[in-house]
Amino acid sequence: MAILAGRILLALLVSVVLKVQGGHYLDSGGWSDGHATFYGGSDASGTMGGACGYGDLYSQGYGTNTAALSTALFNGGLSCGACFQVRCSGDPKWCLRGNPFVTVTVTNFCPPNNALSANAGGWCNPPLHHFDMAQPAFQQIAVNKGGIIPVQYRRIPCNKKGGIHFTVNGHSFFNLILITNVGGAGDVHAVSVKGSRTGWQPMSRNWGQNWQSNGNLCGQSLSFMVTTSDGRTSASFGVASAGWKFGQTFIGEQF
């Protein structure tokens, strides 16, 4: 009972302290300039998979309001899961009336094409700020015949339903955890795992939002601590019971 009470108190302290420290991503008042294109087809089926490792974006809850970011914004994969408002700007021929915005989640990388100049096909070349949006998302702000359009964008907090999802892949001595459905800042920058017979162990980012640990955690209940770019941390204690299996997904606490 005392152990359980201690865990609850620690979780509350972590949440309260780091909520006070974080929060810079909430400053969504200023808009920045960039450009946008679209890909993936009218049903966004061509956006599945991607450099963030989320796989099936439908089943993972991201749907069709997604985008691939250029090098300047992708941050080597650390921007995966971040949320942006994007609106068409200054192009009355292609922008929808009223310049509505759409909210997108980062799920992929738009690679540079150094064989083309930045204004003739190399839309994602550094240092350009570019959103290659799923076609259904693009069509919420512009006519898709527009091709490339000028946009304004701003970072906003992610509003996700339910808790953070932890999908356990790999094998003994190689635990690969895919982290999805992250609210708040959305982009995970640090993860720690704790087995019921171990202390907290920092995980390293393998690719996208897949995080790895090389310890043998089989047969132990698992706890996770997830830290996003704003410094906030969410702790999920005992999210996976000792009988967990590779390939399973577990739901923890949310920001």
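Is Trp123 buried, exposed or partly exposed? Trp123 is partly exposed, with a relative accessible area of 28%, where buried means under 20%, exposed over 50% and partly exposed in between, as found with a 1.4 Å probe on protein chains only.

## The model and its overall make-up

This is a predicted model, in which local features need pLDDT of at least 70 and side-chain atom pairs count only at pLDDT 80 or more, while totals for chains, interfaces and linings use all residues. Residues are numbered from 1 along each chain as its sequence is written, and side-chain values use heavy atoms, with hydrogens and water left out.

The secondary structure of the protein chain comes to 3 helices and 14 strands; helices (H or I, at least four residues) and strands (E, at least two) are DSSP runs, numbered from the N terminus. Of the 255 residues of the chain, 46% count as buried. Among contacts (heavy atoms within 4.5 Å) between residues at least 6 apart in sequence, 69% join residues at least 24 apart.

Thr107, which is found in strand 4, is buried, with a relative accessible area of 0%. Leaving aside neighbours within four places in sequence, Thr107 is in contact with Gly49, Gly50, Ala51, Cys52, Tyr54, Leu57, Tyr62, Thr66 and Ala67.

## The loop that holds Trp123

Trp123 is found in the loop between strand 4 (101-109) and strand 5 (130-134). Once neighbours within four places in sequence are left aside, the residues in contact with Trp123 are Thr37, Ala118, Leu128, His130 and Ile148. Trp123 and Pro112, which are 11 residues apart in sequence, are 7.4 Å apart in space, C-alpha to C-alpha.

## The salt bridge

Side chains of opposite charge can pair when their charged atoms come close. The structure holds 1 salt bridge, a term that here stands for a side-chain nitrogen of Lys or Arg within 4 Å of a carboxyl oxygen of Asp or Glu. The side chains of Asp187 and Arg155 meet in a salt bridge, at 2.9 Å from N to O. Because Asp187 lies in the loop between strand 8 (174-180) and strand 9 (188-195) and Arg155 lies in strand 6 (residues 149-156), the pair ties together parts that are 32 residues apart in sequence. Asp187 is buried, with a relative accessible area of 3%, whereas Arg155 is partly exposed, at 24%.

## The cavity

On a 1 Å grid over the protein atoms alone, a cavity is a set of points where a 1.4 Å probe fits but cannot get out, and lining residues have an atom within 4 Å of a point. The count comes to 1 cavity of 30 Å³ or more, and the largest cavity has a volume of about 30 Å³, the volume being the space filled by probe spheres set on the points, which are joined across faces, edges and corners.

The residues that line the largest cavity include Val168, Asn175, Ile177, Phe224 and Trp244. Strand 8 and strand 12 (222-228) each supply at least two residues of this lining. By class, the lining has 8 nonpolar, 2 polar and no charged residues, where Ala, Val, Leu, Ile, Met, Phe, Trp, Tyr, Cys and Pro count as nonpolar, Asp, Glu, Lys and Arg as charged, and the others, Gly among them, as polar.

Methods. 1 Å grid on protein atoms, 1.4 Å probe; cavity = no way out; pocket = protein on both sides within 12 Å on 5 of 7 lines; lining within 4 Å.
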